[in-house]
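Trainee: I have a structure with two chains open on my screen. Could you show me how to read it, one feature at a time?

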Amino acid sequence: MPKPDPIETILARLMPPAMSEAAQRDIEDMLDELADTTPQGVVSAPAIMAWQRRWIIGGSAAAAVALAWILPLATTSVRSSRAALAPATAESNEFVLMGESDRIESMRDEGWQENADGSTMRAMRLNVVAENSLLDRETGIVMQVSEPREELFLMPVSTF
Amino acid sequence: METTTSAWKQWLAENGPRLLLFARGWSHSRHDAEDLVQEAILRMWHHQADKGGGPPDLPLVFSTIRFCGLNHHRSESRRRKREEAIVYLNDFQDVWLDPVCEDDEEALLLRAAVEKLSPKLREVVVMKFWAGCTFLQISETLAISPNTAASRYRYALEQLSHELRRIKELRHA
């Protein structure tokens with residue numbers, strides 16, 4: 001076993017401070033609230049077989065594409081668009097948005113860049129996937145809709 | 001559900017200080033860092049719902065804190081531009097690390113040196129030393145190679161050693 005660096009032995013004499021009581025309590029309250037409001041369907045989602053979920057997601061994606069084709073056609077006349085949109089609104093009420101989250105797929109440091117005013121910026125490129133969980137009230141099935149996107153963050157650098 | 005909540009609370013009690021220390025690198029004050037940790041835990045709760053609902057792995061939470069920190073940084077920059085006229089007072093009690101023994105002068109000197117490390121080096125030291133992550137886990141969290149993570153850690157230790165020696169020499173001069 002390698003001998004610890006002398007600096008590491010001094011670092012071991014430092015420890016991260018505990019969170020403040022208020023913050024700890026806030027988070028614990030939040031966890032209690034989340035546990036109360038999270039329906040059983042979401043937590044028991046793994047009970048749905050993986051192949052079923054794939055079919056549901058695939059079906060949802062196909063339905064969304066079909067809807068994207070149908071809606072512009074439906075707007076050719078005011079009368080027909082109303083007729084087409086009414087069932088869509090009724091259908092959307094059957095789905096409840098259970099949660100939305102942004103998940104980082106990858107994060108890449110693109111180094112420092114110079115801004116137009118001469119200041120230095122640190123660039124980070126993120127690949128993020130936005131995920132929405134939708135609950136079908138009728139069947140109790142939870143569906144996940146994913147939307148990937150890329151973001152570039154520029155942060156001013158003040159310390160070197 | 002009660003068991004899940006208890007597991008999360010126990011996980012928070014065990015890892016809260018580590019998460020807080022990491023979040024300090026992405027915030028201006030302890031209070032902001034605690035908000036970041038809370039935001040990250042909220043995101044993790046939803047993320048874990050699909051995976052049985054249990055507490056997440058630590059490296060994943062570090063990634064999420066970074067993401068939340070970046071988002072926070074964007075809105076903070078906008079807010080700062082609006083509030084440029086306000087003078088912020090330094091809170092001298094707002095420290096990142098506590099010494100195990102209160103009068104450990106060497107540890108106190110090193111604490112200041114850790115806070116002065118560049119963010120890139122500091123986050124590797126925090127994850128390696130206080131969170132106990134492997135270089136592989138660090139590399140996955142920070143999107144760098146394991147070798148880069150290891151070399152950043154070594155370089156950080158060298159810098160800390162150099163800084164500690166410099167401060168001691170200054171005091172004795």
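Mentor: Let's start where the chains meet: the contact takes 41 residues from chain A and 47 residues from chain B. Two residues are in contact if their C-beta atoms, placed from the backbone, lie within 7 Å. This is a predicted model, where local features need pLDDT of at least 70, side-chain atom pairs count only at pLDDT 80 or more, and totals for chains, interfaces and linings use all residues. Chains are lettered from A and ligands numbered from 1 in the order in which they are written, while residues are numbered from 1 along each chain as its sequence is written.

Trainee: Which element gives the largest share of the side of chain B that touches chain A?

Mentor: First, the idea of an element: helices (H or I, at least four residues) and strands (E, at least two) are DSSP runs, numbered from the N terminus. Here α1(B) gives the largest share, 10 residues. Several elements of chain B supply at least two residues each, among them α1 (2-24), α3 (58-82) and α7 (146-172).

Trainee: And how many residues of each class are on that side of chain B?

Mentor: Ala, Val, Leu, Ile, Met, Phe, Trp, Tyr, Cys and Pro count as nonpolar, Asp, Glu, Lys and Arg as charged, and the others, Gly among them, as polar. The side of chain B that touches chain A has 23 nonpolar, 13 polar and 11 charged residues.

Trainee: Over how many bridges do β1(A) and β1(B) pair?

Mentor: Two strands pair if DSSP finds at least two bridges between them. β1(A) and β1(B) pair over two bridges, in the antiparallel sense. Look for A:Met15, whose bridge partner in β1(B) is B:Asp98.

Trainee: What about a sheet inside chain A, in what order do its strands come?

Mentor: Go from strand to strand: the order is β2-β3-β4 in chain A, an open sheet with antiparallel pairing. Its edge strands, β2 (95-114) and β4 (142-156), each pair on one side only. Strand β3 (residues 120-136) of chain A pairs with β4(A) over 15 bridges. Two places to look are A:Arg122, opposite A:Met155 in β4(A), and A:Ser133, whose bridge partner in β4(A) is A:Gln144. The two strands form a hairpin with five residues between them, and A:Gly140 in the turn has a positive phi of about 80°.

Trainee: What should I do with low values?

Mentor: Where pLDDT is low, the predicted coordinates should not be read in detail.
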